[in-house]
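The sequence and structure come first.

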Amino acid sequence: MINIQIEPRQFEYDIQSLVQAFYPGQPFQINSEAQQADRVLKVVFSQQEIHAVLSDKKGELFRGQTHITNLWDAERRTVKNALKKLLYCLFVKDTGHELPWGNLTGIRPAKIPGMMREAGMSEKEIRKQMKDTYFISDDKLNLAMDVSEMERKVLSQVNYKEGYSLYVGIPFCPTTCLYCSFTSFPLIRYQDKVDSYIDALIREIRFVGDKLKNKELNSVYIGGGTPTTLEPEQLERLICALKENFNFETVKEFTVEAGRPDSITEEKLTVLKKEGVSRISINPQTMNQKTLDLIGRKHTVEQVKEAFALARSSGMDNINMDFIVGLPQETPQMVRHSMEEAMKLNPEGITVHSLAIKRASQLSMNMQKYSGLSMENSTGLMDITKEYAYQMGMKPYYLYRQKNMAGNQENVGYAKPGREGLYNILMMGDYQDVWALGAGAVTKLLSEDRKSARRIDTLKNVDQYIDRIDEMIERKQVF
């Protein structure tokens, strides 16, 4: 147990994120009076300084302070960066190790050098500031810089500043995976609700399409869940509704997340191809059957290969594959095997996720049941995936991070030249508004400086979404 004391209480998220990164799996409390704690971190803000003291049951271990003139009047970002540098140094002393991403806890590492570039800073200046502010490793800094540069190249061909992107959520899956926390419901239990869900979704599509008819649509992403759990006629009805209510003439990329190989059929792929879907994602997560069985993916490695071949034969020429590093019991040899199998299929892109255990996942809610499972990640394992991506002629273009990622790593998308996922760049880089439709979908409307956003949530529960669709539309009407 780690007891975090903050006086006055502020910057909670940043403090707890750094604590969790250095002490993974350790429970923590903030401003609790409980005395039984392995570590006590006390952070005190005063007019001119931030003080931090780290103690154990025997007494004080390390202390430090940093000076900030007129702290209460200083810019929040300045105070936050100073605080994180101070705590990072204390935790390094205590644990004896550094983190690959340093004290950087935000989810968009490539956005920082990108905005520095926009401000006119040189690459040398950006690198120095990133090292001085975040203590980031050279390896991860190079990755962030490479992704930022690739984003710049891709977006130079898109009128993104005047446009927006559209996300459509299909919250059904064949089964729920062990690690999943997305809005997804087992199709077998919701089979009789799918048509009603699409009816409600089309009502939302009509409303938003009418309100945005004078804006330029750049990318469309149908995600989930698993959109290809829909039957061919349901997929066609949904896509036709989108095309009837939004102007697709300016759309540069139309993605459907096929996701689970066991949901893909020739008839569905025919619909997607006919309706102009330009990119799909087939997501094995691993090519090791033992792991698939363990994590609740009710498909086989052979089905992955069959689905991929089917997609190729249907004319799909931009296929991405998702993999997760850090899955239970996976060794470096197993990660390498997955990459070997991916290379044989020769997709246009791979997205490598570092396992992040979310509170809503079965792994988190039944932690005792799975406590004996090894779930490890490292820079070395991520380097294996990088090695194979480069062998396949791919470069990194997309990068984000989450809390509780195994090994304090990242999610990174690789793609062959010209096959980068535009929606991923626009959404994760905060380059434009993303209007999101469907159960659990979150619309994000950016501030002019791209440093903040207003969010419009939609109910996650399918039944409630259907029954309260007028309320979901009204939430968007306000904006």
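## Overall fold

In this predicted model, 55% of the 479 residues of the chain count as buried. The accessible surface of the chain is about 21100 Å², and carbon and sulfur atoms contribute 47% of that area. The chain holds 17 helices and 18 strands.

A compact globule of 479 residues would have a radius of gyration near 23 Å, and the value for the chain, 23 Å, agrees with this. Along the principal axes, the C-alpha atoms fill a box of roughly 65 × 50 × 45 Å. Among contacts with a separation of 6 or more, 72% are between residues 24 or more positions apart.

## Helix 9

Helix 9 spans residues 266-274, and its residues Lys268, Leu269, Val271 and Leu272 are buried. Viewed down the helix axis, the buried residues lie within an arc of 155°, so they line one face of helix 9. Glu266 and Lys274, on the other side of helix 9, are exposed.

The cover over the buried residues of helix 9 includes two helices, helix 8 (232-245) and helix 11 (301-313), as well as strand 10 (253-259) and strand 11 (279-282).

Strand 17 (residues 443-446) and strand 18 (residues 453-456) run antiparallel and are joined by four bridges. Leu445 has Arg454 in strand 18 as its bridge partner.

Six residues separate the two strands of this hairpin. Within the turn, Arg450 takes a positive phi of about 65°.

Technical notes
Residues are numbered from 1 along each chain as its sequence is written. This is a predicted model: local features need pLDDT of at least 70, side-chain atom pairs count only at pLDDT 80 or more; totals for chains, interfaces and linings use all residues. Side-chain values use heavy atoms; hydrogens and water are left out. Buried means under 20% relative accessible area, exposed over 50%, partly exposed in between (1.4 Å probe, protein chains only). The arc is that of the directions from the helix axis to the C-beta atoms. Contact means heavy atoms within 4.5 Å. Two strands pair if DSSP finds at least two bridges between them. The radius of gyration is taken over C-alpha atoms; the globule rule is 2.2 Å times the number of residues to the power 0.38. Accessible areas come from the Shrake-Rupley method with a 1.4 Å probe; for residues, only the protein chains shown count as cover.
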